[in-house]
Amino acid sequence: MNSVVSLVTSLNNGLLTRLRDSAALLDAQNRAPVGSLDSVLTTVDVNKLFNALRGWPLDHRRRAVEVLLRERAPELSAQALAEVISALHTGPTPRYAQEAIVDLLTSRTGTAFQELKYRLNNTGDQHDLEHLVFTDLQEDLQERLLEHIAEEAAYEGSSDLRVLCDIDDTLKSAIHDRRYPRGVIYPGVITLLTQLDEGAAAEPGRPGDLTFVTARPGGPRGLVEQYTRGALGGLGLPPHAVLGGSFLNLHTKAVIAERKLQNMDRDRLLFPECRMVFVGDSGQADGAVGAEMHQRDPGHIVGTLLHNVTDLDEAGRERWAQQGGHVFDTYAGAAAHAARLGLLRPDQARLVADDVRVGLNLLHLSREQRDRVEQDYAADLALVEALEREAAQPRPAGVTAPG
């Protein structure tokens, strides 16, 4: 155990550069007592470990993958395996590594597979499950893994809600919304996303079902996705992933919508066992994206919560409602729609509404802006209060509350 720790620590500090060092590390990994390797991998920088490994001779690199993802994999935790897999597909991923990753993932079923899959999707950078499957794996291995994911979708322990969320004019005021200063994080949005991630059941669901969908370009090595994660990092959000776009997706609303649809379709392939809700806005094709997804698979796509940033009238709201788009003005209204859809309980909707009130009190708004958002909030709060009154009413025998 001590030999493994000292060697890996030395590697982490950039001290292992010679051929005999890689051979010694492989030997130490082989001799490490059962149960010790996991604690080592979860306490060191695994990315640095594999960056150094890329400079090793090919047979040593192959051997390291064989030890970690085949021979010693049964004793490693889901977190350690997720970190190893993430590190392996940081940069070019050779065929032997792809095969080892897919062999490992397809060997797991039920709870063990679901846990590893979700940890892979929340690695903290762009090298998540979507990147692995749709960027790094060769076509035959991609198809094999997607088939396994589809087979595992029948596992009865996995029924969480996938929450896909836009950023501009949905998470923060950015383009079309004149009710708030530019760059403001909308009051109540963090609480809404957190409550949706936990779900409407009495016991909170598994975290990690929140994904931000954007048409912003990913850039070289996912730099824009990394920047986006960094910008979101201090907001108190639950664990989340980011699906970006490409530099070709910035010209028209039509191509922006197409990229978002591609991202949502990919998410559906990766998480077919879950239902999905899309949180977007009325300013940049999100309504059309949500309507198209809802039409493609209404059993999977619950609907769209559509933030009104373009002064939709009642006729416009009704048109979106007929296509699965539930228009809201403040996040209290979004919470009320989510509760009507069975995605939140009334008490969770109240948490969101109260947080909107707190957030509005802290904002510096013009008189015109203040009058408008207060009017919007009063109407949305009334929807939440109506839910609370309904929930307090005695129910006939055999009738249960939605969700």
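Let me begin with His131, which is found in helix H9, residues 129-136. The model I am presenting is a predicted one. At 17% relative accessibility, His131 counts as buried, because the cut-off for that class is under 20%. His131 and Ser86 are 45 residues apart in sequence, and their C-alpha atoms are 9.7 Å apart in space.

With that residue as an entry point, I turn to the chain as a whole. Its secondary structure comes to 18 helices and six strands. Of the 403 residues in the chain, 53% are buried. Considering contacts between residues at least 6 apart in sequence, 74% join residues at least 24 apart.

Next, the packing of two helices. Two packed helices are described by the angle between their axes and the distance between the axes. For helix H5, residues 58-71, and helix H7, residues 95-107, the axes come within 10 Å and cross at roughly 5°. An angle under 35 degrees counts as roughly parallel, so H5 is roughly parallel to H7. Which residues of H5 meet H7? On the H5 side they are Leu58, Arg61, Arg62, Val65, Leu69 and Arg70. Their counterparts in H7 are Tyr96, Ala97, Glu99, Ala100, Ile101, Asp103 and Leu104. The residues of this contact of H5 with H7 divide into eight nonpolar, no polar and five charged.

I now come to the aromatic residues. The count of aromatic pairs comes to four. One of them is formed by Tyr118 and Phe271, with 5.0 Å centre to centre and 50° between the planes, a tilted arrangement. This pair links distant parts of the chain, 153 residues apart. Tyr118 belongs to helix H8, residues 110-120, while Phe271 lies in the loop between helix H13 (253-270) and strand E4 (275-281). Are these two partners buried or exposed? Tyr118 is buried, with a relative accessible area of 3%, and Phe271 is buried as well, at 0% relative accessibility. Phe271 has a further neighbour: the charged end of Arg162 sits over the ring of Phe271, 3.7 Å from its centre. Elsewhere, ring pairs link Tyr180, Tyr186, Phe328 and Tyr331 into a cluster.

Tyr331 leads us to helix H16, residues 331-340. How many of the 10 residues of H16 are buried? The number is eight, and the helix is accordingly described as mostly covered. The buried residues are Tyr331, Ala332, Gly333, Ala334, Ala335, Ala336, Ala338 and Ala339. What do they pack against? The buried residues of H16 pack against H11, E4, E5, strand E6 (325-328), helix H17 (346-362) and helix H18 (367-392). H16 is followed by Gly342, whose phi is positive, near 80°.

Leaving aside neighbours within four places in sequence, Thr191 is in contact with Leu351, Val352 and Asp355.

Asp286 lies in helix H14, residues 286-296, and is buried, with a relative accessible area of 0%. Asp286 and Ala257 are 29 residues apart in sequence, with a C-alpha to C-alpha distance of 6.9 Å. Beyond its neighbours within four places in sequence, Asp286 is in contact with Asp166, Thr170, Lys260, Phe278, Gly280, Asp281 and Leu306.

The other two aspartates concern the backbone. Asp169 is found in the loop between strand E1 (161-165) and helix H11 (189-198). Phi of Asp169 is near 70°, a positive value in a residue other than glycine. Asp311 is found in the loop between strand E5 (301-307) and helix H15 (314-321). Asp311 also has a positive phi, of about 55°, although it is not a glycine.

How values were computed: Residues are numbered from 1 along each chain as its sequence is written. This is a predicted model: local features need pLDDT of at least 70, side-chain atom pairs count only at pLDDT 80 or more; totals for chains, interfaces and linings use all residues. Side-chain values use heavy atoms; hydrogens and water are left out. Helices (H or I, at least four residues) and strands (E, at least two) are DSSP runs, numbered from the N terminus. Rings of Phe, Tyr and Trp (its six-membered ring) pair if their centres lie within 6.5 Å; planes under 30 degrees apart count as stacked, over 60 as edge-to-face and the rest as tilted. Buried means under 20% relative accessible area, exposed over 50%, partly exposed in between (1.4 Å probe, protein chains only). A charge sits over a ring if NZ of Lys or CZ of Arg is within 6 Å of the ring centre and within 35 degrees of the ring normal. Axes are lines fitted to C-alpha atoms, for helices over the stretch in contact, and angles run from 0 to 180 degrees between N-to-C directions. Angles under 35 degrees count as roughly parallel, over 145 as roughly antiparallel, 65 to 115 as roughly perpendicular and the rest as oblique. Contact means heavy atoms within 4.5 Å. Ala, Val, Leu, Ile, Met, Phe, Trp, Tyr, Cys and Pro count as nonpolar, Asp, Glu, Lys and Arg as charged, and the others, Gly among them, as polar.
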